[in-house]
Amino acid sequence: MSTAEVVLVTGGGSGIGGGLASAFHARGHQVIVVGHRRERVEAVAARHPGMCWQVADVADAEEVAALAEEVGCRWPGLTTVINNAGVQHLFDFAASGPLDAAELGREIDVNLKGVIHVANAMLPLLKTQPRSRLVNVGSGLGYVPLAAAPVYSATKAGVHSFTLALRRQLRDSPVQVVELIPPVVATDLHRHLEETPPMAMDLDAFVKAALAGLDAGRDEVVVGLAKVLRTLSRAAPSLGMKIVNQ
Ligand SMILES: NC(=O)c1ccc[n+]([C@@H]2O[C@H](COP(=O)([O-])OP(=O)(O)OC[C@H]3O[C@@H](n4cnc5c(N)ncnc54)[C@H](OP(=O)(O)O)[C@@H]3O)[C@@H](O)[C@H]2O)c1
């Protein structure tokens, strides 16, 4: 990619999105962080002079369309979209009684529909550039599901499938479609757990590895233990299930 990038990061107010936003900003690129909660994206931008912020719920197609219109007016040279916003909930379908359908649907709306809405709204802008990229953030759990997070795992498998299809459709366009596949990373995503999973990768180390993969121009940037899960899902899926769910 060129030295003068305009980078939009959804879920840029914390965790992986915040780390990537900070790293792109440190390289001198124009970064726009997008989040659901205004105070979080505002705080990240305030710590990085020149960084801009926008508020949008990625699950809401109209809000995402309005965001794309604003971005098209203010930053028509948009070159990179990091489609990163996501949530993770634990659901126990073995419990008696049905689960809260609205909560189940919300996770799908944010993690899968949100990625699709952002791609749909931002692609027309990305296509106007000589070279650009859409980076969808998947997960190692999209390859081998965590039983305790069944909806999350399914949405990430969906992100993987959507990304493959999009890459194929856009193969003759200027837009590179990338899937960034993190392992467990120490972020707020795991706030529902009593403690961060012991195998969690340090956020700075993850960001460094992710940027190296993006710089190398890879279509799939698979980091750390996510590589093991991807391999196991193909070579030994039962073993993969055992390891992830032990
Ligand atoms: N951490 C891991 O172990 C791990 C592993 C694999 C994949 N991932 C993926 O990496 C991505 C980032 O997660 P993270 O670990 O950095 O967790 P995080 O710190 O909780 O970040 C998630 C971000 O998404 C934003 N977000 C949530 N719902 C949104 C919505 N409806 N609209 C707009 N923004 C929304 C949040 O913003 P608000 O606070 O404003 O809602 C937050 O900034 C997710 O897609 C996650 O699935 C994470």
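Trainee: Of the 31 residues around the ligand, which come nearest?

Mentor: Keep in mind that this is a predicted model. The nearest ones are I16, R37, N84, Y152 and T187, out of 31 residues around the ligand.

Trainee: Which side chains have an N or O atom 2.9 Å from an oxygen atom of the ligand?

Mentor: There are two to look at here. The side chain of K156 puts an N or O atom 2.9 Å from a ligand oxygen, and an N or O atom in the side chain of H190 is also 2.9 Å from an oxygen atom of the ligand.

Trainee: And what lies 3.4 Å from a nitrogen atom of the ligand?

Mentor: That one is a backbone N or O atom, and it belongs to A56.

Trainee: On to the helices. How are two packed helices described?

Mentor: You give the angle between their axes and the distance between the axes.

Trainee: How do α1 and α6 cross, right-handed or left-handed?

Mentor: Right-handed. The axes of α1 (residues 15-26) and α6 (residues 203-215) come within 10 Å, crossing at roughly 60 degrees, which makes α1 oblique to α6. From α1, the residues G15, I16, G19, L20, A23 and F24 meet L203, F206, V207, A210, L211 and L214 of α6. The class count for this contact is 10 nonpolar, 2 polar and no charged residues.

Trainee: At what angle do the axes of α7 and α8 cross?

Mentor: Roughly 140 degrees, and the axes of α7 (residues 225-235) and α8 (residues 237-245) come within 6 Å. That makes α7 oblique to α8, because only angles over 145 degrees count as roughly antiparallel.

Trainee: What meets what there, and how many charged residues are in the contact?

Mentor: L229, L232, S233, R234 and A235 in α7 meet P237, L239, G240, I243 and V244 in α8. By class, the contact of α7 with α8 has 1 charged residue, alongside 7 nonpolar and 2 polar.

Methods
Residues are numbered from 1 along each chain as its sequence is written. This is a predicted model: local features need pLDDT of at least 70, side-chain atom pairs count only at pLDDT 80 or more; totals for chains, interfaces and linings use all residues. Side-chain values use heavy atoms; hydrogens and water are left out. A residue is near a molecule or strand if one of its heavy atoms lies within 4 Å of it. A polar contact is a pair of N or O atoms within 3.5 Å; within protein, one must be able to donate a hydrogen and the other to accept it, and residues adjacent in sequence count only if both atoms are side-chain atoms. Axes are lines fitted to C-alpha atoms, for helices over the stretch in contact, and angles run from 0 to 180 degrees between N-to-C directions. Helices (H or I, at least four residues) and strands (E, at least two) are DSSP runs, numbered from the N terminus. Angles under 35 degrees count as roughly parallel, over 145 as roughly antiparallel, 65 to 115 as roughly perpendicular and the rest as oblique. Contact means heavy atoms within 4.5 Å. Ala, Val, Leu, Ile, Met, Phe, Trp, Tyr, Cys and Pro count as nonpolar, Asp, Glu, Lys and Arg as charged, and the others, Gly among them, as polar. A crossing is left-handed if the near helix is turned anticlockwise from the far one by less than a right angle, and right-handed if clockwise.
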